[in-house]
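Q: Could you walk me through this one? I'd like to learn how to read the packing, the domains and the ligand site.

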Amino acid sequence: MRPLVLAGRDSLTGQIGRAFRTGPRDPWFTTVLVGDRGVGKTAVLDAVEKSARESGWAVIHEQAVEKEGLLALLLKDLVKEAGSLWTRTKKTLANFDIEASLGTNVGVASAGIKIKSKPAARVPTEITRDILRVVGVHAKQQGRGVLLTIDEVQSWTAEGELNALAAALQIVTKREQLPVAVIFAGLPVSLEIMSGAGTFFERVTNSTVEDLPRESTEYAFLKTAEKRGVLIEPEALEVLVEGTSGYPYLIQLAGYHAWPPVGSPRVITADLARDGVSRARQEMDKLYSGRWEKCSPMEQAYLWAVAEVGESATAKDIAATLKRSTEQLGPTRHALIHEHHVLDAAGYGKVVFSLPGFSAWIRSRDPVEIPEYHPRRC
Ligand SMILES: Nc1ncnc2c1ncn2[C@@H]1O[C@H](COP(=O)(O)OP(=O)(O)O)[C@@H](O)[C@H]1O
Ligand SMILES: [Mg+2]
């Protein structure tokens, strides 16, 4: 849900906004926002998109989905957006046959259009570059720009697509200096995925979105309440701030559950706040147990070991705790990072939890049984 008040992100959105005004030579023109689940990356994207739109930019937002291609959709949405905003580009853009070029049939069946069985006529980089160029040139002439935001980038693993985008951006934004800005957002593992997709991404600015500091947490509660004509008693504010420790997802949940019921005074009392925090925590617990249930016994044992050893857990420490070799645990570790997305590789063989509070939840449970080792079945 879009927050009513985006607290504590002014310097980040300001930085990006300035880059849009400066143009492609600003290092923040292409940015990757990384951070744990629920810290507010998508909320920042929303705010940045809104202000770009208000400046007359063509804006498209995409979200990667595990095991699905995104490039054809991205190009189609861009063609549609630019065509509706700038009718002069419509004709030129209509000449691009995205599906034929990418060898995909996105939406063809549902749209009832004749299925094209031609093999990919051009490499994905070329059509991506050409479309970005047409739109970019027009935007530049108009004194405007183009913004692509790509969310959940850690899931964009479709073969070669990210590379194609990187190669196209290298030409269009770096060499030709056209105003095509891109903001990516995802879990920290996104950086690894992106740096594997070409040198262009190795040089883009990355910024970590973190929990909110105390003042911003207070501001988020007070300002949101004020906008809706609700008062928060000082003790209640303390309970809410302490109980949510700056984690935006929890702030949103606790605020929701602490809200005064219809017909009662428009005041959040300390009792309502305590109840709100406790209900929000219960919801978090449900979320954790949902994640937990999706993991196999070995994956659960691995998570338990990471929680036991603590945030600095290296693959070696975990292997020692589970009495296995790091090689035997390789597939488990990989699945937890790349499929379940509950752990994140933190460098030097270390892993950390990507879901705040999950570690404490695991530690509050009974220790898990470590499954026996069956080499053949692994
Ligand atoms: N800066 C903020 N101030 C207040 N609430 C926020 C802020 N950022 C995010 N939220 C709220 O926190 C929740 C999680 O934010 P979201 O952007 O979806 O996180 P992410 O994309 O990092 O997983 C949402 O309900 C959102 O409305
Ligand atoms: Mg998000």
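A: Helices (H or I, at least four residues) are DSSP runs, numbered from the N terminus. With that, the crossing of H3 and H7 reads as left-handed. Before we go on, this is a predicted model, where local features need pLDDT of at least 70, side-chain atom pairs count only at pLDDT 80 or more, and totals for chains, interfaces and linings use all residues. Residues are numbered from 1 along each chain as its sequence is written, with chains lettered from A and ligands numbered from 1 in the order in which they are written.

Q: At what angle do the axes of H3 and H7 cross?

A: Two packed helices are described by the angle between their axes and the distance between the axes. Axes are lines fitted to C-alpha atoms, for helices over the stretch in contact, and angles run from 0 to 180 degrees between N-to-C directions. Here helix H3 (residues 71-85) crosses H7 at roughly 20°, and the axes come within 11 Å. That makes H3 roughly parallel to H7 (angles under 35 degrees count as roughly parallel, over 145 as roughly antiparallel, 65 to 115 as roughly perpendicular and the rest as oblique).

Q: Which residues of H3 and H7 meet?

A: Two residues are in contact if their C-beta atoms, placed from the backbone, lie within 7 Å. On the H3 side you'll find Leu71, Leu75, Leu78, Val79 and Ala82, and they meet Pro124, Ile127, Thr128, Ile131 and Val135 in H7. Sorted by class, this contact has 9 nonpolar, 1 polar and no charged residues (Ala, Val, Leu, Ile, Met, Phe, Trp, Tyr, Cys and Pro count as nonpolar, Asp, Glu, Lys and Arg as charged, and the others, Gly among them, as polar).

Q: How do H4 and H7 pack?

A: Helix H4 (residues 87-94) and helix H7 (residues 124-141) have axes 10 Å apart, at an angle of about 165°. H4 and H7 are therefore roughly antiparallel, and their crossing is right-handed. H4 brings Arg88, Thr89, Thr92 and Leu93 to the contact, while H7 brings Ile131, Val134, Val135 and His138. By class, that is 4 nonpolar, 3 polar and 1 charged.

Q: Which domains does the chain have?

A: Domain bounds come from an automatic or database domain assignment. For this chain the assignment gives domain 1 (10-208), domain 2 (214-290) and domain 3 (296-363).

Q: Which residues come nearest to ligand 1?

A: A residue is near a molecule if its C-beta atom, placed from the backbone, lies within 6 Å of it. Ligand 1 has 21 residues around it, with Pro3, Gly40, Lys41, Thr42 and Pro248 coming nearest. The shell has 11 nonpolar, 6 polar and 4 charged residues. Helix H2 (41-54) and helix H13 (248-258) each supply at least two shell residues, and the largest share, 4 residues, comes from H13. Domain 1 and domain 2 each give at least three residues to this shell.

Terms used:
A crossing is left-handed if the near helix is turned anticlockwise from the far one by less than a right angle, and right-handed if clockwise.
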